[in-house]
Amino acid sequence: ETLLGPPFYMVALDVDQNSETGIPIGDIGAEYFVVAVYEVMELGFEYACIILRLDELDEYENPIGISTADFSDGMLEFTCPLSLIGYPSSIDMIFQASVVEAATDTAPDTGHVTYNVEAPTIKADGNPTDWADIPWILEDDTEEPDVTDPMEDISRCYITNDDEVLYIRVDVVGEIADPTYVVFLVYFDTDTNPLTGVPMDITGSNIPLGIGAEAVAMWFPPGEAPPFRGSLWNELTLEGGVFVGAVSAYPAGNTFEIAIPLSWLGDSDEVDMVFQTECVGEPRTDWAGPIHYVMRAPPV
């Protein structure tokens with residue numbers, strides 16, 4: 001069957017479950033829209049997923065998140081980091097699909113569906129109190145001579161996971177007074193083989209970090225207010241990598257937190273990691289690791 005135009009799929013999210021706020025659609029008031037559209041038409045079913053937030057005037061802001069999506073066998077899958085929509089406990093939803101603007105299908109036909117969100121083990125929200133029962137896995141040297149800004153001086157690293165998400169916390173010595181000035185990176189050796197991936201001595205610093213990175217999660221200052229987001233890249237080479245999607249990330253106080261879907265890392269049972277911090281425009285940097293982490297059994 002010949003389509004009249006590129007398919008367009010959308011999920012409207014009413015995160016406060018108040019039909020009087022947000023944009024009216026059906027019987028809900030949507031604060032966010034998750035939209036999947038064709039990314040490259042000539043390649044077939046290649047989709048990108050964008051996450052839109054409404055401002056105080058109920059107008060669309062620039063996308064606050066973007067991730068890859070996949071369409072096959074009549075099924076479309078995409079993700080939306082919970083931190084980008086404020087970690088709601090439940091969401092009223094309406095689904096919509098269209099081939100041309102005038103011909104849409106909405107589900108359900110009347111009303112909406114409500115999704116009760118399973119509480120995450122950790123929230124990447126700038127509040128580290130939910131890490132209280134998780135011991136640090138690495139304590140890094142502080143006050144190294146090459147690190148002159150305490151905001152980038154790593155002190156401790158924490159890692160945990162549930163059955164779906166890997167959670168990482170990095171504590172620094174100084175107060176993260178300006179999140180747009182500091183950069184955090186976490187490199188992943190997902191096959192724990194230092195001979196594959198990108199060798200971690202390409203900075204010219206000759207630091208023998210001893211991993212071969214297949215992926216990197218990074219927080220690079222977006223120059224915007226919360227909700228903050230990071231990004232994950234895989235298939236790393238010396239020339240770059242492939243963007244996977246937006247991940248929950250939050251720098252605040254003395255702590256940086258990030259949450260990454262395990263499936264985006266290939267559902268590895270174990271992984272080696274190296275942490276890096278730096279300040280924008282500054283040559284100095286701090287490294288910590290490598291850390292060998294074996295995925296924990298999901299909490300009961």
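Leaving aside neighbours within four places in sequence, which residues is G126 in contact with? They are Y250, A252 and E257, where contact means heavy atoms within 4.5 Å. G126 has its place in the loop between β10 and β11 (138–139). With a relative accessible area of 21%, G126 is partly exposed; buried means under 20% relative accessible area, exposed over 50%, and partly exposed in between (1.4 Å probe, protein chains only). In sequence G126 and A249 are 123 residues apart, while their C-alpha atoms are 8.6 Å apart in space.

The model is a predicted one, in which local features need pLDDT of at least 70, side-chain atom pairs count only at pLDDT 80 or more, and totals for chains, interfaces and linings use all residues. Residues are numbered from 1 along each chain as its sequence is written, and side-chain values use heavy atoms, with hydrogens and water left out.

The pLDDT, the predictor's confidence in each residue from 0 to 100, averages 79 over the protein chain, and 78% of the residues score at least 70.

The secondary structure of the protein chain consists of 22 strands and zero helices. Both kinds of element are DSSP runs numbered from the N terminus: helices are H or I with at least four residues, strands are E with at least two. Of the 300 residues in the chain, 46% count as buried. Among contacts between residues at least 6 apart in sequence, 56% join residues at least 24 apart.

The buried part includes a nonpolar core, that is, a set of buried Ala, Val, Leu, Ile, Met, Phe, Trp, Tyr and Cys residues joined through side-chain atoms within 4.5 Å. The largest such core has 35 residues, and L166, I168, F188, L232, M273 and F275 have the most contacts inside it. Elements giving two or more residues to this core include β12 (154–161), β13 (165–172), β19 (240–252) and β21 (270–279). Rings of Phe, Tyr and Trp (its six-membered ring) pair if their centres lie within 6.5 Å; planes under 30 degrees apart count as stacked, over 60 as edge-to-face and the rest as tilted. The whole structure has three aromatic pairs. In one of them, the ring centres of Y187 and W287 are 6.1 Å apart and the planes are at 20°, so this pair is stacked. Because Y187 lies in strand β14 (residues 182–189) and W287 in strand β22 (residues 285–294), the pair ties together parts 100 residues apart in sequence. Both Y187 and W287 are buried.

A charge also sits over a ring: the charged end of R169 is 4.1 Å from the centre of the Y158 ring. The criterion is NZ of Lys or CZ of Arg within 6 Å of the ring centre and within 35 degrees of the ring normal.

The structure holds zero disulfides, a disulfide being a pair of cysteine sulfur atoms within 2.5 Å. C157 is buried at a relative accessible area of 0%, and C279 is also buried at 0%.
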